[in-house]
Amino acid sequence: MIIVMGVSGTGKTTVGQLLAKEMAIPFFDADDFHPESNIEKLSSGQPLTDSDRKPWLEILGKEIKTWEANGGAVLACSALKEKYRKTLSTIPIEQLTIIHLSGTFELIKKRLSHRKGHFLDPSILKSQFEDLEACHSAIQVSIDQTPDKILQEILSKMSNKTAFGIIGMGVMGQNLAINMANNKVRLSVFNRHVAGKEEDIAKNFVAKHPALNIQGFDDLSEFVDSMAPPRNILLMVQAGTAVDSIIDELTPLLGPDDLIIDGGNSNYLDTNRRDQALALHDINFIGTGISGGEEGARKGPSIMPGGSRTAYNRIAPFLENIAAKDANGKACCTYVGPEGSGHFIKMVHNGIEYAEMQLLAEVYELMRNGLGMQPEEIAKTLEHWKTKGLDSYLLEITINILRKEENGELLLDKILDAASQKGTGGWSTEAAIRLGSPLNTIADAVMARNISAQKETRTAANELYGQIKQPISKDLDSFIQALMEGYSAARIVNHAVGFDMMKEASTQYDWSLDFSEISRIWTNGCIIRSELMSAMVNFFKDTDRLLFHPAIVKSLGEQQASLAQVVGQALASGYPVPVLASAMNFFLGYVNGQSSANMLQAQRDYFGAHTYKRVDQPLTESFHTEWT
Ligand code: 6PG
């Protein structure tokens, strides 16, 4: 028994009839089963309510039982809401296949306007889209193709072929696979075979989770064959050359319209290059940031796909189902923009993450060593900060870290003070230089990790210079209050720094990034989710520069003096505070109507005849002076 569902104008009748013919079973149209009262209402142009629909759906539910007992049928029925589908589900779930014909509002509107003699009020179509609730168990088929192609896609999806593939069964790949399979996606997974190192990884994973009904492979062509075309293949392999190698192996096995999605932390410049190279083979490509670590991947990450919009529309139901949900229940996944824009914003996300982590590390060091506070006291203070508008995932994990003991001792004290990094922070800094954009807090967070990694040099220098660190303040309470305000100010600046660079990239690369929407998909699932991020969703509806929003002008204007005080006292007492100081310097530079760069220009012209512009002459003209 097959139900073909979807909003008006998706071609349920055409496709349903083709399918019924192909399968040699009868076709029925749900509209032919309305009780008399509904027909009267419909013919007088009145919309049906849920209670009008109830008896009709119950009639269909009974018919479905009979049709199934007689060898099956195809029924075309909009079945937009989950409760309608529940009423229709009168037979065991394994005997019922639901096919959802989906398309964008614009496409369907266009099609309806071309249908001869057919008029559908756009507001009715709009209300149908509003009523439409995702059907996770349905076979999803895009209507953006000919009826014959739609039929072929349905037939191949109804065979044993799977709907989605994942390559790379590392921690992220496995957890995303579990998340997808839990969302009823029929899945193939692949992991390479490396003798003695990576053997039967995919098969063992599948065997460990029998209920998920996943197919596992270590042969790439068998993996590709197991999927229904057009194929959707998510790469969860290490960023860099591994991505190029797997794309090279996959390309000859794929056909037109197949789609490769790179879900690793790839450099956006690589994504731009791969996007162009795959287009030559008619293979779609999407580069997507996925944030949230292991837990996010399993329970709901934040997803940032960039690349082909048509390809995104096709896989949107898969990605949006597995993504975290925002406060309004909307998926933390959105089409970001063309080319490598998805990976670009993930890179900036990580840059903001680096600086947010460093800020918390600086706050910790000032409290622990500068103020002599115990870890539990610090944890309690930070818990109080959570109630002051500073709540965030990173603040929460910092509190938990401050309470984690091993054999009665703080685990943190046993961890070597040399930070690692995998590249995204550094790439953000390189991008800032490429774009000519200031990136103070993020660049300084990267440099703080670099200096931390030079443990031997630091230890030797420490012996040469002796103890510079001194207790910070006798007035603990007032310093903690200033620290809280300074931390809040630095966070605002850090977010502004990252978003300003995205604005620059959006302009230079012509990506039309939507900053409110980017903030929205970062309100849950990702590492930098926070109360501030949630507020930014609305701030970016009013302005595209965070520091220009009146609410920010007010709060940062009030807090900046505390940041200056904290930075001043910290430096004078011998504590490095690179990101707190960087935020202060960025802020003062940003609000500086008259900078000292006139001196730089004079110096450049003095020794190199580089010329300068004058404030008392048109800016189109350049001047040079013989300085001696
Ligand atoms: C995330 C994280 C994740 C990872 C980064 C940072 O958004 O889930 O940012 O992508 O933690 O790779 O790693 P490094 O600190 O090692 O550069």
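Colleague: Is Asp218 buried, exposed or partly exposed?

Modeller: Bearing in mind that this is a predicted model, Asp218 has 26% relative accessibility and therefore counts as partly exposed.

Colleague: And what does the side chain of Asp218 meet in a salt bridge?

Modeller: The side chain of Asp218 meets that of Lys203 in a salt bridge, with 3.8 Å from N to O. Asp218 lies in the loop between S8 and helix H10 (220-225), whereas Lys203 belongs to helix H9 (residues 201-208), so the pair ties together parts that are 15 residues apart in sequence. Lys203 counts as partly exposed because its relative accessibility is 41%.

Colleague: How many salt bridges are there?

Modeller: The count comes to 33 salt bridges. One of them joins the side chains of Lys41 and Asp52 at 2.7 Å, N to O, and since Lys41 is in helix H2 (residues 36-43) and Asp52 in helix H3 (residues 50-69), this pair ties together parts that are 11 residues apart in sequence.

Colleague: What about a pair that links distant parts of the chain?

Modeller: Arg491 and Glu356 meet through their side chains in a salt bridge of 2.6 Å, N to O. Arg491 sits in helix H21 (residues 476-509) and Glu356 in helix H15, 135 residues apart, and both residues are buried. There is also a network, in which salt bridges that share partners join Asp244, Asp262, Asp270, Arg273 and Arg274.

Colleague: Switching to strands, in what order do the seven strands of the open sheet run?

Modeller: The order is S8-S7-S6-S9-S10-S11-S12, with mixed pairing. Strand S8 (215-217) and strand S12 (302-307) each have a single partner strand at the edges, so one side of each is left without a neighbour in the sheet. From one strand to the next, the twist averages 20°.

Colleague: How do S6 and S9 pair?

Modeller: Strand S6 (residues 164-167) and strand S9 (residues 232-235) pair in the parallel sense over three bridges, and Leu234 in S9 is the bridge partner of Ile166.

Colleague: Which helices pack on that sheet?

Modeller: Helix H12 (residues 268-279) is one of them, touching strand S10 (259-262) and strand S11 (284-291), with its direction at about 155° to that of S11. Helix H15 (residues 341-370) also packs there, touching S10, S11 and S12, and its direction makes about 15° with that of S11.

Notes: Residues numbered from 1 in each chain as written. Predicted model: local features only at pLDDT ≥ 70, side-chain atom pairs only at ≥ 80, totals over all residues. Heavy atoms only, no water. Pairing = 2+ DSSP bridges. Helix = DSSP H or I, 4+ residues; strand = E, 2+ residues; numbered from the N terminus. Axes fitted to C-alpha atoms, helices over the stretch in contact; angles between N-to-C directions. Contact = heavy atoms within 4.5 Å. Salt bridge = Lys/Arg side-chain N within 4 Å of Asp/Glu carboxyl O. Buried < 20%, exposed > 50% of the residue type's maximum accessible area, 1.4 Å probe, protein only.
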